[in-house]
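Hi,

Here is the model I said I would pass on.

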Amino acid sequence: MKKIEAVIQPFKLDDVREALKGIGHDRLTIYDVRGHGRQKGHKEVYRGQEYEVDLLPKVKLESYASDDRVDEIVNAIVESARTGKIGDGKVFVSDIASAIRIRSGETDDDAI
Amino acid sequence: MKKIEAIVQPFKLDDVREGLKRVGMDGMTLFDVRGYGRQRGHKEIYRGHEYEVDLLPKVKLECVVPDDRVDETVGAIIESARTGSIGDGKIIVSDVPEAIQIRSGQSLEDVL
Amino acid sequence: MKRIVTFAVMLIAVLGLPVSAAAQDGIDTGDNAWILTSSALVLMMTGPGLALFYGGLVRQRNVLGTMMQSFAMMALMTLLWAIYGYSLSFAEGNTFVGGFGHVFLNGVGMEPNGSIPHLTFMVFQLMFAIITPALISGAFAERMKFSAMLLFMALWGTVVYFPMVHMVWGGGFMSGDGMIPCLDFAGGSVVHMSSGVAALVIALYLGKRKGYPSEAMRPHNLTFAFIGACLLWVGWFGFNAGSALAADGLAAVAFVNTHFAAAAAVTSWLVVEWLRDGKPSMLGGITGAVAGLVAITPASGFVAPMDAIIIGLAAGAICYFAVAVVKAKFGYDDSLDAFGVHGVGGTVGALLTGVFARMAIGGADGLVEGNAGQFVNNALGSALTWVFSGVATFVILKIVDAIIGVRISSGDESIGLDITQHGEEAYN
């Protein structure tokens, strides 16, 4: 059981959701976040003073999957979120010790 | 790879970013979150009715770094986020077995 | 037939009497209607106009505190004005300040003062006493205690504003038959220069906000600022055209001048900004409008519409220079540019009034009509206003600082005025 986290360009969210729907995995939590990496920000000028805005809006998505589906899901995200430019984002996969569905009390793979 | 998550005071964010920049770490994702811990909230009064506001605005930042960079990154956050009073926040480090850069599709360990 | 005659007589009696009574006591209903309307327009400039303009420019945690600084003036200055402010401004006194003849509005009623009721004149002037101190709040934004702000404003109104009104408009030495007659139609020196210079002094006295200027202190809601600026523009018709104190041709000139100067200043600000910074910003456009409105204020009843365009063009460019270049060079934190727009714009307007005044419009000639003396008077009046407001503001600040302390603590500054001063938040 793994947690898949991806930080992507906000305008790619629809594509990623389509791709995940295509492989039958449309379960996501979405965060509106600000991100900063190698992508350069933009300049804003207020009253003649220039400020570098280098925290850019990003979308972070989280999803959980059983081990055997992880590769497929990660591929779907990478393929659909890619533009080939700096700022496309990253995908992280990590282990989950346990998972419980609140409604039913089902655990682990049954819960996700 | 390790994921470092830190919850800090919002007004310390600029200091933390400066601190991380100094150790050569300038990629991160930021969340505007609400937090609740030992720090007491404050009272707000609307038309004579008092409300205890104990979920306070916090900033959560996440970054993923190679194992050998964890200590200096954590050190930089602690140093820059500390005021010495309750509410300074916490840092959590966890394993990330798999990390992929979307642009290239390559493992982050190879890219960094 | 007899019944019809009787009815006609009664009708004449009912309709005619009030009119003839009004004519007898010298009140012009048209003038009265316009000045009461103008009074409401000028109040609208403070709340919501200035409150939204300044409130949008500060950071999210200070929006309520900033709006309260304007709104509180609507209460505080009104009470001071009713008790003694109007008297110190307009009652007979010496050449610097009025006497106590009108305290508690003694002798201020429905009787005519010019062609309008004395009460109308009083309430119109009150609205100026509200916005003038509120303008200063742009300089100490995000870092002054509410309590200290109230005490400061009460003292500033008493020591600076009421005497300024008396000196320029109330029969003092800068008014028409005084020693140094200055032309100030609607408040270039009385309102904008006095508050703008006070703003500079208080910005210097308080010091910079934490993190200024390295940290970007971006406006939290420019749409608020936009709405506020547009309300100011509309309200300014009451401010300037109302200052004719009649619904006459002079009011029409002031109205047109006001509008033309604002339009010209928007244009010049945006052009300069576009050339220097690469983009014409909305904040630049609305700030330019306010700069033009400030500069035309003293001139609005003395110059012709084409002069107003020149004044506006000059104000937009010069005020841009003040806030974008001068402020950065000297490093003072005039947070919302109260000095850069009102102090500088008011001074530009006062000087150019002395240049462009025309006998045919306001009854006085300026430099272009060959009367250099008027320009000298206006320059001298401006210098005196700078010195008087600057020194008095500094002394008042020292007193307030000694009694309650003017600046909020560093911790409170991080949390913001809204929670620390008022115990509430703007957005939940």
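First, the ground rules. This is a predicted model, so local features need pLDDT of at least 70 and side-chain atom pairs count only at pLDDT 80 or more, while totals for chains, interfaces and linings use all residues. Residues are numbered from 1 along each chain as its sequence is written, chains are lettered from A and ligands numbered from 1 in the order in which they are written, and side-chain values use heavy atoms, with hydrogens and water left out.

**Chain B against chain A**

Counting contact as heavy atoms within 4.5 Å, 28 residues of chain B touch 31 residues of chain A. The size of an interface is often given as the accessible area lost when the parts come together. Here the buried area (accessible area, 1.4 Å probe, that two parts lose on being put together, summed over both) is about 2,300 Å², with 55% of it from carbon and sulfur atoms.

There are three salt bridges between chain B and chain A, a salt bridge being a side-chain nitrogen of Lys or Arg within 4 Å of a carboxyl oxygen of Asp or Glu. In one salt bridge, B:Glu62 meets A:Lys60, with the closest N and O atoms 2.8 Å apart. In another, A:Glu5 and B:Lys3 come together at 2.6 Å, N to O. That pair crosses between chains, from strand S1 of chain A to strand S1 of chain B. Over all chains, the salt bridge count is 22.

Ten residue pairs are in polar contact across the interface of chain B and chain A, both residues at pLDDT 80 or more. A polar contact is a pair of N or O atoms within 3.5 Å; within protein, one must be able to donate a hydrogen and the other to accept it, and residues adjacent in sequence count only if both atoms are side-chain atoms.

Which element gives the largest share of the side of chain B that touches chain A? That is S2(B), with five residues. Helices (H or I, at least four residues) and strands (E, at least two) are DSSP runs, numbered from the N terminus. By class, this side of chain B has 14 nonpolar, five polar and nine charged residues; nonpolar means Ala, Val, Leu, Ile, Met, Phe, Trp, Tyr, Cys and Pro, charged means Asp, Glu, Lys and Arg, and polar means the others, Gly among them.

**The sheet that spans both chains**

S2 (residues 29-36) of chain A and S2(B) pair antiparallel over three bridges; strands count as paired if DSSP finds at least two bridges between them. In this pairing, A:Gly35 stands opposite B:Thr29. The open sheet has nine strands, in the order S6(B)-S1(B)-S5(B)-S2(B)-S2(A)-S5(A)-S1(A)-S6(A)-S7(B), with antiparallel pairing. S6 (89-95) and S7 of chain B are at the edges with a single partner strand each, so one side of each has no neighbour in the sheet. The twist averages 25 degrees from one strand to the next; axes are lines fitted to C-alpha atoms, for helices over the stretch in contact, and angles run from 0 to 180 degrees between N-to-C directions.

Within chain A, S2(A) and S5 (residues 56-65) run antiparallel, joined by seven bridges, and A:Arg34 has A:Pro57 as its bridge partner. Helix H2 (residues 70-81) of chain A packs on the sheet, touching S1, S5 and S6 of chain A together with S7 of chain B, and makes about 5 degrees with S1(A). In chain B, helix H2 (residues 70-81) lies across S1, S5 and S6 of chain B, at about 5 degrees to S1(B).

**Chain B against chain C**

Eight residues of chain B contact seven residues of chain C, burying about 560 Å², 49% of it on carbon and sulfur atoms. On the chain B side, B:Phe11, B:Glu44 and B:Tyr46 lose the most area, together 57% of what that side buries. The count is zero for salt bridges and zero for residue pairs in polar contact (both at pLDDT 80 or more). Strand S3 (residues 42-46) of chain B gives the largest share of this side, five residues.

**Backbone details in chain C**

The peptide bond from C:Gly47 to C:Pro48 is cis, with omega near 10 degrees, and C:Pro48 is in helix H2 (residues 29-57). Another cis bond joins C:Tyr212 and C:Pro213, with omega about 0 degrees; C:Pro213 lies in the loop between helices H6 and H7 of chain C.

Cheers
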